[in-house]
Amino acid sequence: MRLITHNMLQCHAKGCDPSQSYPLELKEVQLESLDAEYSEDFIRRLIPKLDWNVLVHTAFALGVAELPKELPDVQDEAFLRKVHQVALETRVKEAQMVCNGCGHVYPIKDGVPNMLLQDNEV
Amino acid sequence: MQPNHLETTHVHEVYNLIADHFSATRYKPWPVVDSFLRELEKGSLGADVGCGNGKYLGVNKEVFTVGSDRSDKLIEIVQKRGFEAMVCDNLSLPYRDACFDFVISIAVIHHMSSPERRLEALKELLRITRTGGRILVFVWAFEQEGKRKYQEQDVFVPWKMPKKIYCPEGQPTKGSTPTEEGSQDIVYQRYYHLFVKGELDELITRTGMATIETSGYDRDNWYCVARKT
Ligand SMILES: C[S@@+](CC[C@H](N)C(=O)[O-])C[C@H]1O[C@@H](n2cnc3c(N)ncnc32)[C@H](O)[C@@H]1O
Ligand SMILES: [Zn+2]
């Protein structure tokens, strides 16, 4: 799972408090990096679609990068390349994703999140 | 059978058992899906829900698409191909509201075995789509052009798998029906709800969450492009 995907994931367990179900907290994380083709245009268009606070917080908590808390007005190439590296080239190989609302744990194994719930949790 | 049990036995377990064979037969993108994906704006974010082996995930390199499927075996294949993928269920998607520009559902909704579940699956697809974003849905048609003809809308469709290649001695054959003497195939029964003309459009309209932009028939399937309102 790339960090861009984490930016969209939320807990969907029955009765989970919607104000606490996002973002999922990453614990016991094993990261890997991969090469993704850089496209300035793509990244520029992508940034406004992200939950910026969550990306900044996640990148910092995982020790991947320090991104500015506020989106800069002028987005130079160094900045865009950094976002590219964080969102598209950083992958979570193993982890536990924990919901702060209900405590549900979603595992990531071999890079694949398993987001299934039991029948009685849906 | 209860709808969820029917799907567990005759959809989810079957796709896991046939994953390798299914994947080997799925590589050609359907033209309508192909052009929908190619015409997306650069930098679009999307989800392919029920992505199978991920055959649509690499069609347009200028968008980012997250694949997901109920079958962990198929998702393993998607992951190995280097695409973004996760295991989840269309009926309860783990994404925040309105976070995608587009969502595709290709040959998935017809595996839901009650009208309520089909409606719920469509509502989930629209919940995760942003206002103004679009979904593309394909389902199997009752009105078949090909050799297949059906008497009922809710049917079992056999999947034949060459025993020698995919099920060497000692492998599980759970869910398979007994094959004739000397047969070279293992047969699994997949549940389908075949859509009649107008049924998909009606269901999408009933969500109250979208307007229909295009709908049509292509290669034994009904399809629909709808815009989230
Ligand atoms: C006919 S295949 C289509 C796969 C792919 N979209 C394609 O066009 O090649 C149907 C897929 O839907 C998946 N599926 C069925 N029910 C599902 C559900 N409730 N949630 C997610 N995926 C489901 C199956 O595992 C299977 O991969
Ligand atoms: Zn939760």
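A polar contact is a pair of N or O atoms within 3.5 Å; within protein, one must be able to donate a hydrogen and the other to accept it, and residues adjacent in sequence count only if both atoms are side-chain atoms. Between chain A and chain B, 13 residue pairs, both at pLDDT 80 or more, are in polar contact.

The model is predicted: local features need pLDDT of at least 70, side-chain atom pairs count only at pLDDT 80 or more, and totals for chains, interfaces and linings use all residues. Residues are numbered from 1 along each chain as its sequence is written, chains are lettered from A and ligands numbered from 1 in the order in which they are written, and side-chain values use heavy atoms, with hydrogens and water left out.

**Interface of chains A and B**

Chain A gives 28 residues to the contact and chain B gives 31, where contact means heavy atoms within 4.5 Å. About 2400 Å² is buried between the two chains, with 58% of it from carbon and sulfur atoms; buried area is the accessible area (1.4 Å probe) that two parts lose on being put together, summed over both. M8(A), K49(A) and L116(A) supply 26% of the area that chain A buries against chain B, more than any other three residues.

Four salt bridges are found across this interface, each a side-chain nitrogen of Lys or Arg within 4 Å of a carboxyl oxygen of Asp or Glu. In one salt bridge, the side chain of K42(B) meets that of D41(A) at 3.4 Å, N to O.

**Zinc site in chain A**

C11(A), C16(A), C99(A) and C102(A) coordinate the zinc ion (ligand 2) through their SG atoms at 2.3 to 2.4 Å. Donors are N, O and S atoms within 2.8 Å of the metal (3.2 Å for Na, K and Ca); water is not among the atoms, so sites may look incomplete. The site of the zinc ion (ligand 2) is tetrahedral, with angles of 100 to 115° among its four donor atoms; four donors count as tetrahedral if all angles lie between 85 and 135 degrees. The donor residues follow the spacing C-x4-C-x82-C-x2-C.

| Residue | Relative accessible area | Class |
|---|---|---|
| C16(A) | 11% | buried |
| C102(A) | 38% | partly exposed |

Definitions and conventions: Four donors count as tetrahedral if all angles lie between 85 and 135 degrees; four count as square planar and six as octahedral if opposite donors are over 155 degrees apart and all others between 65 and 115; anything else is irregular. Buried means under 20% relative accessible area, exposed over 50%, partly exposed in between (1.4 Å probe, protein chains only).
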